[in-house]
Amino acid sequence: MTDARLNEADVLRSLHDVTDPEVGRPLSSLNMLKGARVTDGTVEVHVELPTPAYPDRGRIGDAVTAALKSRLPQAGTVKVTFSSNVRGKNSGGAIGLRVKNVIAVGSGKGGVGKSTIAAALAFGLKHYGARVGLMDADVYGPSIPHLLGVSGRPEMVEPQPGLMRIIPIEHDGLKVLSIGFIVEPEQAVVWRGPMLHKLLTQFLKDTEWGDLDYLIIDLPPGTGDVALTLSQLLGLAGAVVVCTPQQVALLDAVKAISMFNQVKIPVLGIVENMSGEIFGRGGAQAKAAQLGIPFLGEVPIEAGIRVKGDAGRICELFSTENPSRQPLLGVTERVAVEVAKSLLSTPTLPTLEIL
């Protein structure tokens with residue numbers, strides 16, 4: 001039976017040095033211990049996670065339980081409950097964007113499945129309960145409308161005279177915006193940089209995204225000026241680099257990482273896509289280790305992903321059992337944790353420096 005003299009302060013004091021297994025710092029210093037309740041025979045500890053996509057939260061529960069059992073044997077039964085509150089800096093506040101974390105998904109070259117991973121990341125975060133938007137910044141080759149099976153034109157509203165706002169299309173719980181909703185599928189977009197900058201500004205500044213935990217931005221392939229535009233408008237939470245395992249793709253992925261570093265966008269890590277027999281396996285993981293950046297996981301080369309993408313049903317990769325579901329959820333968790341880690345360890349997000 002729990003000692004009647006035991007109170008919340010005793011419990012929390014005994015947990016002061018229990019560390020978060022992902023960040024490696026005490027839960028108390030990360031403000032993740034949100035209270036304890038002592039009742040007859042039971043101590044209940046409440047932990048607030050920095051993202052709903054926190055991987056294997058049971059490790060925290062085991063650590064808390066072990067600490068209480070060894071330090072407060074009179075505690076009786078230990079129960080650990082969890083909630084989540086997405087941490088963020090609302091880095092788009094300067095342009096009126098109410099988004100906690102903006103994540104760019106890029107690659108050094110086309111054909112590595114960057115848009116598929118961007119869409120899967122958005123649906124993965126939504127699967128865990130986050131509020132998510134997906135913005136297609138790949139103006140010259142917008143793939144998001146096809147991958148999601150979405151069509152139609154975004155609505156324009158005028159909340160006050162002279163102020164026009166874009167309403168993103170809502171699809172299966174996501175807010176989505178792409179130039180593919182505006183131009184015909186066969187129409188080529190032939191624009192110079194200033195036009196591209198103007199469109200991206202409208203997609204961010206003049207769009208009613210609402211309150212979001214994450215906004216995923218699918219960048220065009222290569223090392224063009226879209227990343228520079230984004231870095232000037234926002235303090236991004238970070239960038240995810242997508243590549244395939246073979247060396248020729250890794251060479252271009254390294255250039256993408258260099259680009260993000262130059263424009264002061266933190267690199268959250270590398271995803272190895274289409275991993276398996278055809279392109280090999282492990283190249284991205286080895287390159288991540290060499291560069292000292294996180295490896296976010298591998299996604300197998302699996303026909304189901306292609307089938308769902310061709311059919312415009314990427315969302316079904318998470319709603320049905322399939323070989324890609326767990327790898328994609330694993331990538332989602334790693335990305336969310338890397339964002340949380342950067343926020344918990346760095347008080348302010350970096351901004352662009354022009355030398």
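Asp310 counts as partly exposed, at 45% relative accessibility. That value comes from a predicted model, as does everything I show today. Now look at its partner. The side chains of Asp310 and Arg306 meet in a salt bridge, 3.2 Å from N to O. Arg306 counts as exposed, at 52% relative accessibility. Where do Asp310 and Arg306 sit? Both are in helix 9, 4 residues apart, so about one helical turn separates them.

How many salt bridges does a search of the whole structure find? The search finds 21. Some of them share partners. Glu22, Asp56, Arg59, Arg334, Glu338 and Lys341 are joined that way into one network.

Arg334 forms a salt bridge with Glu22, and their closest N and O atoms are 3.0 Å apart. Arg334 lies in helix 11, residues 325-345. Glu22 lies in the loop between helix 1 and strand 1. The pair therefore ties together parts that are 312 residues apart in sequence. Is Glu22 buried or exposed? Glu22 counts as buried, because its relative accessibility is 13% and the cut-off for buried is under 20%. Arg334 is partly exposed, with a relative accessible area of 23%.

One more bridge, quickly. Arg37 pairs with Glu44, and here the closest N and O atoms are 3.3 Å apart.

Next, helix 7. This helix runs over residues 247-262, which is 16 residues. At 1.5 Å a residue, helix 7 should span 22 Å. Its end C-alpha atoms are 23 Å apart, so the two agree.

Which residues of helix 7 are buried? They are Ala249, Leu250, Asp252, Ala253, Ala256, Ile257, Met259 and Phe260. These residues cover an arc of only 165° around the axis, so they are on the same side of helix 7.

Keep going along the chain. Just after helix 7 comes Lys264, with a positive phi of about 65°. Lys264 has that positive phi although it is not a glycine. Where is Lys264? The residue lies in the loop between helix 7 and strand 12. Lys264 counts as partly exposed, at 35% relative accessibility.

Now the surface. Which residues form a nonpolar patch there? Ile278, Phe279 and Ile301 do, with about 270 Å² of accessible area together. Find Ile301 in the loop between strand 13 and helix 9. Ile301 is partly exposed, with a relative accessible area of 36%.

Last stop: His171. This residue is in strand 8, residues 169-171. What does His171 touch, leaving out residues up to four places away in sequence? The contacts are Phe123, Leu148, Val150 and Val176. His171 and Lys341 are 170 residues apart in sequence. In space, they are 30 Å apart, C-alpha to C-alpha.

Key: Residues numbered from 1 in each chain as written. Predicted model: local features only at pLDDT ≥ 70, side-chain atom pairs only at ≥ 80, totals over all residues. Heavy atoms only, no water. Patch = residues over 30% accessible without salt bridge, like charges linked within 9 Å, V, L, I, M, F, W, Y side chains within 5 Å. Areas by Shrake-Rupley, 256 points an atom, 1.4 Å probe, with all protein chains shown as cover. Salt bridge = Lys/Arg side-chain N within 4 Å of Asp/Glu carboxyl O. Helix = DSSP H or I, 4+ residues; strand = E, 2+ residues; numbered from the N terminus. Buried < 20%, exposed > 50% of the residue type's maximum accessible area, 1.4 Å probe, protein only. Contact = heavy atoms within 4.5 Å. Expected span 1.5 Å × (residues − 1). Arc of directions from axis to C-beta.
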